[in-house]
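Student: Hi, could you go through this chain with me, a bit at a time? I'm new to reading structures.

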Amino acid sequence: MTDRNYRNTEKKYHATALLVARAARRLAMVAWLAALACLVVTAAGIWGNDGMQGGMAAVLSTGGLPRGWAALMAALLALVTCAALVELARMLGRVHPESLFSSAVTKHFRRFAGLLMIAAVLRVLLPAAASLWLAAQSGAHSASLEFSGDDLLSILPVAVFFFVARLFDQAVQLEDDQRSIV
């Protein structure tokens, strides 16, 4: 009886692992498309005109900065975000039924979380740094800095991703240790 229960549990695990691996491959394709879309929309906002044509437009919001500076910041943020999405796609592409969370998978998830953290921090710091630089160059003795609560709040879930990545690393290490003991 116990042997049959064990075999049934094994079959269910392998069926579930196969479904998870298939879903991961589909999500990897979505992540690749999201990375491409991030670059295309940012490029359209930077080089497109700011008028609505045909019902849709990508508009670059400068936030009071010169357009060139805002475009440079948008491009930098898009590149870092795109790199994060590529790491997410690579992570999802490495999920296999035999090892759902291998060290290769967690390595890419850690990179994804790290790049996303960099993008979130840059989103907060770059406009402030540019405003301070422009104020100093113009000879102004004061500068007005505004921080959106949304920007600061975006760092929180990214930090959670980063800590989950560290947790995955520890789980993989424990699993490897357990396999080596048995």
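Student: Okay, where is the place of L167?

Tutor: L167 sits in helix α4, where helices are DSSP runs of H or I with at least four residues, strands are runs of E with at least two, and both are numbered from the N terminus. Before we go on, please note that this is a predicted model, in which local features need pLDDT of at least 70 and side-chain atom pairs count only at pLDDT 80 or more, while totals for chains, interfaces and linings use all residues. Residues are numbered from 1 along each chain as its sequence is written, and side-chain values use heavy atoms, with hydrogens and water left out.

Student: Is L167 buried or exposed?

Tutor: L167 counts as exposed because its relative accessibility is 57%. Buried means under 20% relative accessible area, exposed means over 50%, and partly exposed is in between, with a 1.4 Å probe and protein chains only.

Student: And how far apart are L167 and R110 in space?

Tutor: Their C-alpha atoms are 9.9 Å apart, although the two residues are 57 residues apart in sequence.

Student: Let's zoom out. How many helices and strands are there?

Tutor: The chain has four helices and zero strands, and reading along the sequence gives the pattern α-α-α-α. As for contacts, meaning heavy atoms within 4.5 Å, those with a separation of 6 or more in the chain come 73% from residues 24 or more positions apart.

Student: How much of the chain is buried?

Tutor: Of the 182 residues in the chain, 26% are buried.

Student: Which residues touch the most other members in the largest nonpolar core?

Tutor: They are L88, M91, L92, V95, F109, F112 and L116, in a core of 23 residues. Helices α1 (2–47), α2 (67–93), α3 (103–138) and α4 each supply at least two residues of this core, and α2 gives the largest share, with seven residues. A nonpolar core here is a set of buried Ala, Val, Leu, Ile, Met, Phe, Trp, Tyr and Cys residues joined through side-chain atoms within 4.5 Å. In soluble globular proteins, nonpolar side chains tend to be buried together.

Student: What does M91 touch?

Tutor: Leaving out residues up to four places away in sequence, M91 touches V105, H108 and F109.

Student: New topic: what about T106, is it buried or exposed?

Tutor: T106, which is in helix α3, is buried because its relative accessible area is 2%. A polar atom of the T106 side chain lies 3.1 Å from the backbone oxygen of S103. Not counting residues up to four places away in sequence, T106 touches F168, D169 and V172.

Student: D169 again! Which residue forms a salt bridge with D169?

Tutor: That partner is R110, and the closest N and O atoms of the pair are 2.4 Å apart. R110 lies in helix α3 and D169 in helix α4, so this pair ties together parts that are 59 residues apart in sequence. R110 is partly exposed at 29% relative accessibility, whereas D169 is buried, with a relative accessible area of 14%. A salt bridge means a side-chain nitrogen of Lys or Arg within 4 Å of a carboxyl oxygen of Asp or Glu.

Student: How many salt bridges does that rule give?

Tutor: The count comes to four salt bridges. Among them is the one between R90 and E87, at 3.2 Å from N to O, and these two residues are separated by about one helical turn because they are three residues apart in helix α2.

Student: Last one: where is L153, and is it buried or exposed?

Tutor: L153 lies in helix α4 (residues 149–181), and it counts as exposed at 55% relative accessibility.

Technical notes: Polar contact = N/O pair within 3.5 Å; in protein donor to acceptor, adjacent residues only side chain to side chain.
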